[in-house]
Structures are given as structure tokens and as C-alpha cells.
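Hello,

Here is the structure I promised to pass on to you. Have a look at it first, and then read my notes below.

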Amino acid sequence: MIAAPRPMRPIDIASAAMRVVGIPQGEIVSRSRRPELVRARELIAAAVRTLTDASLPEIGRLMCRYHTSVMVMVRRWMRRPPEDREELLHRVMLETLRPSRARWVVVTRDRSGGSRVRGGHRWHG
């Protein structure tokens, strides 16, 4: 008997997108507005939104952003040329099928603007 494929989780898709663009989680959740990080965040938000039924607040928590920021990221992503969008989403989908040794951790922002990692583990990617 063949087991049913595991459903794609937002964390798996986000990890795959980070591997595709080559940017570690620490930079994705940072406050930096460097263009390559902005584009990577847009890819992650759009991929998770497209490939799962995750809500905007769930995606925002994944990336330490508000749901309205995720909304803007997805809109900006949709303004890109269709060929670029399809090719990158296809690469992310293929990457999610590959097993990963990397681990995604939940990083939250505290009131002072610093970051806090739940569970006491840091990302080593």
C-alpha cells in the first residue's frame, strides 16, 4: 500500500522558498528593507498563500510581519511578470518535495524591537 502524500505545510513551503533564493531565516524575519530580502519575502508570502490555505495572519506570524504587510507582499508579487512568478513558484514546489535537514524556528518580536526565539533554538542555516 502506498502512503498518501503529506500535505504541504506553510513552514515547509517557506523553508523551500528560502533555499531557492538562498537567504537564511534570520534575514527573512529581520527589519531590513534590502531589495533582495523584500523580493524573497514576497515569494514566501505568495507561495504560502498560493499553495496552502493559510490565512494572512498565519503567514504574517511565520515571517514576523502583520497580516497587512503580507497582503501588500502578495499584491506586489502578483504585479510581477507571469513568467517570473510561475517559474519561481514551480522551483519552490519542486524544492518542497526534497527532504530538508534545515529547521525553521519561530521568532517573535518583543516590545523593545528585539527578537525572541521560542523553544530556545536558533536557526542554523
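A term to start with: a polar contact is a pair of N or O atoms within 3.5 Å; within protein, one must be able to donate a hydrogen and the other to accept it, and residues adjacent in sequence count only if both atoms are side-chain atoms. In arginine 41, a polar side-chain atom lies 2.9 Å from the backbone oxygen of serine 32.

Please keep in mind that this is a predicted model, where local features need pLDDT of at least 70 and side-chain atom pairs count only at pLDDT 80 or more, while totals for chains, interfaces and linings use all residues. Residues are numbered from 1 along each chain as its sequence is written, and side-chain values use heavy atoms, with hydrogens and water left out.

Where does arginine 41 sit? Its place is helix α3, residues 35–51 (helices are DSSP runs of H or I with at least four residues, strands are runs of E with at least two, numbered from the N terminus). Arginine 41 is buried (under 20% relative accessible area, with a 1.4 Å probe and protein chains only). Still, arginine 41 has no salt bridge (a side-chain nitrogen of Lys or Arg within 4 Å of a carboxyl oxygen of Asp or Glu). Glutamate 27, the nearest side chain of opposite charge, is 7.6 Å away (Lys and Arg count as positive, Asp and Glu as negative; His and the chain ends are not counted).

As for the whole chain, it has 6 helices and 2 strands, in the order α-α-α-α-α-α-β-β from the N terminus. Buried residues make up 38% of its 125 residues.

Enjoy exploring!

Methods
Buried < 20%, exposed > 50% of the residue type's maximum accessible area, 1.4 Å probe, protein only.
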